Protein chains: 2
Amino acid sequence: MVFGNLGADSGNGVAFTRSPATGQQGIYGDYLQNAQGEDVVAGIRNTVPLQDLEKIDPASYRQLLEIMRTLENHYRDLCDIEFTIERGKLWMLQTRVGKRTAAAAFRIAIQLVDQGLIDMDEALTRVTGDQLAHLMFPRFDVGSDITRITTGVSASPGAAVGKAVFDSARAVEQAEAGQDVILVRRETNPDDLHGMIAARGILTSRGGKTSHAAVVARGMGKTCVCGADELEVDTTGRKLTAPGGVVVAEGDVLSIDGTSGAVYLGSVPVAPSSVVTYFEGGLTPEADDLVTSVDRIMKHADAARRLGVYANADTGEDCARARRFGAGGVGLVRTEHMFLGERRQLVERLILAEDEATRQSALDALEPLQRSDFVEILRAMDGLPVTIRLIDPPLHEFLPDLTEMSVKVALAGENATEKDKKLLEAVRRLHEQNPMLGLRGVRLGLVIPGLFAMQDRAIAHAAADRKQAGGDPRPEIMIPLTASVQEMEITREETAKVLAAVEEETGTHVHTMIGTMIEVPRAAMIAGEIAQYAEFFSFGTNDLTQMAWGFSRDDVEGAFFSRYIELGIFGVSPFETIDPDGVGRMVRIATEEGRSARPDLELGVCGEHGGDPEAVHFFHQVGLDYVSCSPFRVPIARLEAGRAMVLESVGGSDSR
Amino acid sequence: MVFGNLGADSGNGVAFTRSPATGQQGIYGDYLQNAQGEDVVAGIRNTVPLQDLEKIDPASYRQLLEIMRTLENHYRDLCDIEFTIERGKLWMLQTRVGKRTAAAAFRIAIQLVDQGLIDMDEALTRVTGDQLAHLMFPRFDVGSDITRITTGVSASPGAAVGKAVFDSARAVEQAEAGQDVILVRRETNPDDLHGMIAARGILTSRGGKTSHAAVVARGMGKTCVCGADELEVDTTGRKLTAPGGVVVAEGDVLSIDGTSGAVYLGSVPVAPSSVVTYFEGGLTPEADDLVTSVDRIMKHADAARRLGVYANADTGEDCARARRFGAGGVGLVRTEHMFLGERRQLVERLILAEDEATRQSALDALEPLQRSDFVEILRAMDGLPVTIRLIDPPLHEFLPDLTEMSVKVALAGENATEKDKKLLEAVRRLHEQNPMLGLRGVRLGLVIPGLFAMQDRAIAHAAADRKQAGGDPRPEIMIPLTASVQEMEITREETAKVLAAVEEETGTHVHTMIGTMIEVPRAAMIAGEIAQYAEFFSFGTNDLTQMAWGFSRDDVEGAFFSRYIELGIFGVSPFETIDPDGVGRMVRIATEEGRSARPDLELGVCGEHGGDPEAVHFFHQVGLDYVSCSPFRVPIARLEAGRAMVLESVGGSDSR
């Protein structure tokens, strides 16, 4: 035992070899004269900056700097050190590799490379996709006139500004009136779901990262600070009281930072992420040392990775963005998104058609619209693969809701219009008990004549248009929800026929692969057979998760996931990362058996898991060719795909 | 080439060594003098009974009888023979094992055993579960005053009597008014679903065994004759015209026989099946030769089979019936069926409870009711295992429908009662997009405090009551919808705690196994882990089929199954028999891995497949311990389980 409390020539301190906040090199730490470690931690007495030790005890100071250099060279990383000086003699108490912020992690990794302490492979293992994600969220631009009233748990990242409301009904009401709101609750429960959907952000005073609010907000991708236990939330009085007696009433503006957990009074301006601006092409790699560090690490990750990274994107604009973010292709175009807005009327006409001619004319009206969408997408992704999924959701999703329509017609009574009555009849006829398990995907294609053929034609013509214009279109046609080999066989044959007809018509050949989603459990079980008729598989891990577990995300995430996480049934929602034992086993089986039936089978994943760091490692290990995710998550997947390769080659696993 | 058309000493005939209609031994066949085979088939000239040949050509007749005996001894079965006599010389043209009715099959098999031509094992392979099922349907008691107007395709067995209606809306209307109706259509489509549900039987003039009407009716277990193409159905004029100008108008009574395809005018009396009466104990095995034959074959099947046959039954009465039908236990008690009728109010109270005390008092009120149900069931099945499944369906199934309730409250406007408004609020809160994939099964147990414990206590007390009364209760508690090992572990522990507490309280020990359904695909994937906490698995192949294929039976059977069967995507609905490659593979995986983790794991199936002949063979091969099915199908499963064993031992497969 050494003593730092034996007088002015003794003391205790902590030191960091670099700044854990920014990664900058320099002297960082605190020193307290005539004190033990407990005194520093207790915070009763004020420490002095470590630099001051140079004056207090120059010999010990010089020795400390020497030791810090030695330690860094040994650990080849930022070290966090505790030391004591006993009557002028320096004693090291402990050291460890220090924690750091996301920005510091990237900067330090590159500094160490430049110092020759680690190589780029190792640098890649020193950062994570989650850290990169943190750098990509917009941040509050916190100036001097900003009041932080408390800090809670950073439950779901992002920056949200809005008027405080204290119940969900009010949140919905205000949101419908065009207001941005922050829903403030002691804690949330399933009844708050509609309020959470309506709010820009959620703030609770109880519960941690696995509370209902946290789990549901993350599922929705909504900013959330939870467990801000310094706040006294009074839902009846519609106000909250913060430390120091600050009162926030309904309608007062709050700003919450889901990345740091900070809660601010008033509207704090939001600054875009420089890393995103760089990915978008708005900053050069040399812009600042953070962007430079990210750029160098990303380049190395891209060079290292075996796994391709594609994006899910539905418009030319999305595709262009995905490309800027480094996507090597588009893994999922959801064509049903092209049926919204004004086009919904055409779909309505298609559904309500009572004869072949009306139906066909509705399809004929949709075809040129789809075709021009595809031209735009193929132009944006010129030279890269674009996987287009034929329409997937049940048709009644394009019609009004049964209950709303029933109430409307009932209230109108004898004055109900013929159109509404006819619409209600169709809604009733198409209503399904479990639409997720109903007439959708390839089933629609087999039951509704001409629907898939219209889409196939639009794709083929768009590709021919692009090729004639000197482009390099690479469309792939993907059949959704295949569960049997016959569905694939029949649909493939019909698709190939349309492609051949358009080739004949236009005199233009565009190589177009035909493949399928693997998203129902049975498809995974018979993947070897399906592969005979599919040139590629794309795992739809969202639906596969829903059907493997037997729960629909919409229904269960808000209803019981937080309880399940609390009970330890899962550590994290299986919609956030892949469940390796259940869903993952199906992916493994389908990969092995699909590839053994067709060695050149192309294998990817287009569920949201494609952008999850842990899942990217899993898909790398299973041996997929690519992952596809939202454009925003493309850099994260690129980074993790590179890390997966490096970690595999050093035989390690991701322990961060 | 021989000629039967060379004069009166020539001719052509067909002969059966036994009656293909009844199985009776005797001389059956037809003969036509001075004719070739085509003349007999063409039906232009009238044949004479084969017996008449004795007078026409006694020598050939005696020779024919001699040859028939030789052929039967050779084939050891009913033979179907074609012969020609050319100028007094008998020539055999061809012979084959003859087709026969279900009744004939059972009678002939036993006759052949008694003649020493085959043994009982072989007799068992000569009949099928489908034939036994045919014998178990009630039949029309067709007397002389009955008019058969046509015969169509026997699409879904049974005997139905009702007033003809020509559209589905009328069918619903009339059924609601308490009328029995037969829905008559040219063909049905998904829009006819509600009419098909309302009708006693369905008659169509178009389409075969795989038409929409046939597929959906079989799915519903509803009598159906389809493709009666001699009928001219005029839905606009609300009438049909049969051969001979017979007109049946809306409201006229029809009787349709889904087993034979016959359509009768008027109300034909229905006779119970003698085979069912025998199983029910209302006839001794000696009652008639058909019953005797069935009895002897069933006894042999029971002696031969390795597979247990249990029943799905929810009341003491059902259980008693199942026992009479030969069930060796109950594989599935659906406890939610005990929450219907007057008890629905208690469930409503439970759901609407706003505090712990109200909720608990609703549970307390339900407990003694459940307990007395279980006492009754355990009494009926004394000495045999009874597998009781804890509540499975989502709670909103006990509340009114969302759309109906919304319309009711909207129409009442300001006059809506507080109760209705509160109910609507609860219905809205509990409403699920996909209830099949929602808050149900073990999830309910984990989320709603006290619900499973109430059921566990009721079971444990009922068992203690029975034991104290000198009975031999053998309850097993089954957790529904398990998808993860933690769900099983937690629920098992809670259940065991309740069992121990009741044992303590009553001083009575009843050995009670705790196990789980395997009905979500993930459970099959991790069965080895689940088996650590489950003493038995019961495959819920209905849900497993729904989730493996990703379709809900309610939504898809009427919507596109006939189209799928037409396209050859499946030969038969996967809800009718097991899909071996997809669902079956999951059953195989779970069986192998479950048993390797726990060698004494008890394995059964309680989906409807448990009573399907083909599926019984599959479950036998996979190595399950038992199948459980509806009481009515228990004899069919017993027969097929015996056949599976015999066919396996001769290395053959079921080719019938």
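**Helix faces, strand partners and a chain interface**

Reader: Which exposed residues lie on the face of α16(A) turned away from its buried side?

Author: This is a predicted model. Helix α16(A) spans residues 418–430. An α-helix has 3.6 residues a turn, so residues three or four places apart point the same way. The face away from the buried side of α16(A) carries the exposed residues A:Glu418, A:Glu425 and A:Arg428.

Reader: Within what arc do the buried residues of α16(A) fall, seen down its axis?

Author: The buried residues of α16(A) are A:Asp420, A:Leu423, A:Leu424, A:Ala426 and A:Val427. They line one face of the helix, because seen down the axis of α16(A) they fall within an arc of 165 degrees.

Reader: What span is expected for α16(A) at 1.5 Å a residue?

Author: The helix has 13 residues. From first C-alpha to last, α16(A) reaches 18 Å, close to the expected 18 Å.

Reader: How many of the residues of strand β9 of chain A are buried?

Author: Strand β9(A) covers residues 159–165. Buried here means under 20% relative accessible area. The strand is largely enclosed by the rest of the structure, because the buried residues number 5 of the 7.

Reader: Which residue in β16(A) is the bridge partner of A:Ala160?

Author: β9(A) pairs with β16(A), residues 253–257, in the antiparallel sense. The pairing runs over 5 bridges. In β16(A), the partner of A:Ala160 is A:Ile256.

Reader: Which helix joins β9(A) and β10(A) in a right-handed β-α-β unit?

Author: β9(A) also pairs with β10(A), residues 181–185, in the parallel sense over 3 bridges. A:Val165 stands opposite A:Leu183 there. The helix that makes the right-handed unit with these two strands is α7 (residues 168–176) of chain A.

Reader: Which three residues of chain B supply 14% of the area that chain B buries against chain A?

Author: In the interface, 54 residues of chain B are in contact with 53 residues of chain A. The two chains bury about 4,700 Å² between them, 60% of it on carbon and sulfur atoms. The three that supply more of chain B's share than any other three are B:Leu437, B:Arg522 and B:Met525.

Reader: Which strands stand at the edges of the open sheet of 5 strands in chain B?

Author: The order is β3-β2-β1-β4-β5, with antiparallel pairing. An edge strand has a single partner, so one side of it is left without a neighbour in the sheet. The edges are β3 (48–49) and β5 (89–97) of chain B.

Reader: Which residue of β4(B) does B:Gly11 stand opposite?

Author: β1(B), residues 11–18, runs antiparallel to β4(B), residues 79–86. They are joined by 6 bridges. Opposite B:Gly11 stands B:Ile85.

Reader: Which residues of β26(B) are buried on each side?

Author: In a regular strand the side chains alternate between the two faces of the sheet. Both faces of β26(B) are covered. On one side are B:Tyr626 and B:Ser628, on the other B:Val627 and B:Cys629.

Reader: Through which helix does the chain cross from β25(B) to β26(B)?

Author: β19(B) runs parallel to β26(B) over 4 bridges, and B:Ala311 is partnered by B:Cys629. β25(B) is also parallel to β26(B), with 2 bridges, and B:Gly604 is partnered by B:Tyr626. The β-α-β crossover from β25(B) to β26(B) is right-handed and goes through α25 (residues 613–622) of chain B.

Definitions and conventions: Residues are numbered from 1 along each chain as its sequence is written. Chains are lettered from A and ligands numbered from 1 in the order in which they are written. This is a predicted model: local features need pLDDT of at least 70, side-chain atom pairs count only at pLDDT 80 or more; totals for chains, interfaces and linings use all residues. Side-chain values use heavy atoms; hydrogens and water are left out. The expected span of a helix is 1.5 Å times one less than its number of residues. Buried means under 20% relative accessible area, exposed over 50%, partly exposed in between (1.4 Å probe, protein chains only). The arc is that of the directions from the helix axis to the C-beta atoms. Two strands pair if DSSP finds at least two bridges between them. A crossover is right-handed if, with the strands pointing away from the viewer, the path from the first strand over the helix to the second runs clockwise. Contact means heavy atoms within 4.5 Å. Buried area is the accessible area (1.4 Å probe) that two parts lose on being put together, summed over both.
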